[in-house]
Amino acid sequence: MIFDLSKTSSIANTFVAELRDETIQKDTMRFRRNLERLGEFFAYEISKVLEYTEAETQTPLGIAASFKLTQQPVLATILRAGLPLHQGLLNVFDKADAAFIAAYRANHKSGRFEIKLEYISTPDLSNRIVIMADPMLATGLSMVMCCKELIAQYQIKELHIVSAIASAEGIKHVRANLPKAKLWFGAIDEEMTSKAYIVPGLGDVGDLAYGTKL
């Protein structure tokens, strides 16, 4: 299943446009907030496919029929770029547990790079719904590596992957390696540079949100 937010007319597409805008990007607080807003939109959309249990809510005047999530998801993210998107998801799924993964590109002089996985902090994911957030899905290598590491350790019930922007190539790689995952994207771009940056994309999310790294 692939959900492409850009195929639906909504204010969320304005936030995607602002994330891409090189002038608006100079306001780092606004950039982070737009990612957070997207996380909130994705959380709402994902909530539509989750399971609910009928319940009763006591009001000051009586009993109201209602529905509550049968199971809270676990919100996972890849540090550091994923933090604002993760926060948006957490704003909606405010009772959710969280998992954090540190992964990065190790570049070589030849121009080749490999994904290094350094750190995982997670609750028990056995029979849990996991929502993995990373704002850019470029090659899909880091996403697949991180998800497969979690799947190797836990019997995950359901996996959702959320990105603000994805490349067509990255989606193909994820679908080939994580065929059961449900994919949620703000927009899908067709091209990537030789250094695996999405075109037109929006640049380096981590640097734009938190400052240029060494």
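This is a predicted model: local features need pLDDT of at least 70, side-chain atom pairs count only at pLDDT 80 or more; totals for chains, interfaces and linings use all residues.
## Overall build

The protein has 6 helices and 12 strands. Its radius of gyration is 18 Å, close to the 17 Å that the globule rule gives for 214 residues, so the protein is as compact as a globular protein of that length. The C-alpha trace spans about 70 × 40 × 30 Å along its principal axes.

On the inside, 45% of the 214 residues count as buried. Take the contacts with a separation of 6 or more, and 62% of them come from residues 24 or more positions apart.

## Aromatic pairs

Searching the whole structure turns up 2 aromatic pairs. One of them is Phe3 with Trp184, a tilted pair at 5.2 Å centre to centre with 45° between the planes. Phe3 belongs to strand E1 (residues 2–4) and Trp184 to strand E10 (residues 182–189), so this pair ties together parts that are 181 residues apart in sequence. Phe3 is buried at 18% relative accessible area, and Trp184 is buried too, at 2%.

Then there's Phe15 with Phe41: the ring centres are 6.0 Å apart and the planes meet at 50°, so this pair is tilted. Phe15 sits in helix H1 (residues 12–20) and Phe41 in helix H2 (residues 28–47), so the pair ties together parts 26 residues apart in sequence. Phe15 is buried, with a relative accessible area of 11%, whereas Phe41 counts as partly exposed at 25% relative accessibility.

Methods
Residues are numbered from 1 along each chain as its sequence is written. Side-chain values use heavy atoms; hydrogens and water are left out. Helices (H or I, at least four residues) and strands (E, at least two) are DSSP runs, numbered from the N terminus. The radius of gyration is taken over C-alpha atoms; the globule rule is 2.2 Å times the number of residues to the power 0.38. Buried means under 20% relative accessible area, exposed over 50%, partly exposed in between (1.4 Å probe, protein chains only). Contact means heavy atoms within 4.5 Å. Rings of Phe, Tyr and Trp (its six-membered ring) pair if their centres lie within 6.5 Å; planes under 30 degrees apart count as stacked, over 60 as edge-to-face and the rest as tilted.
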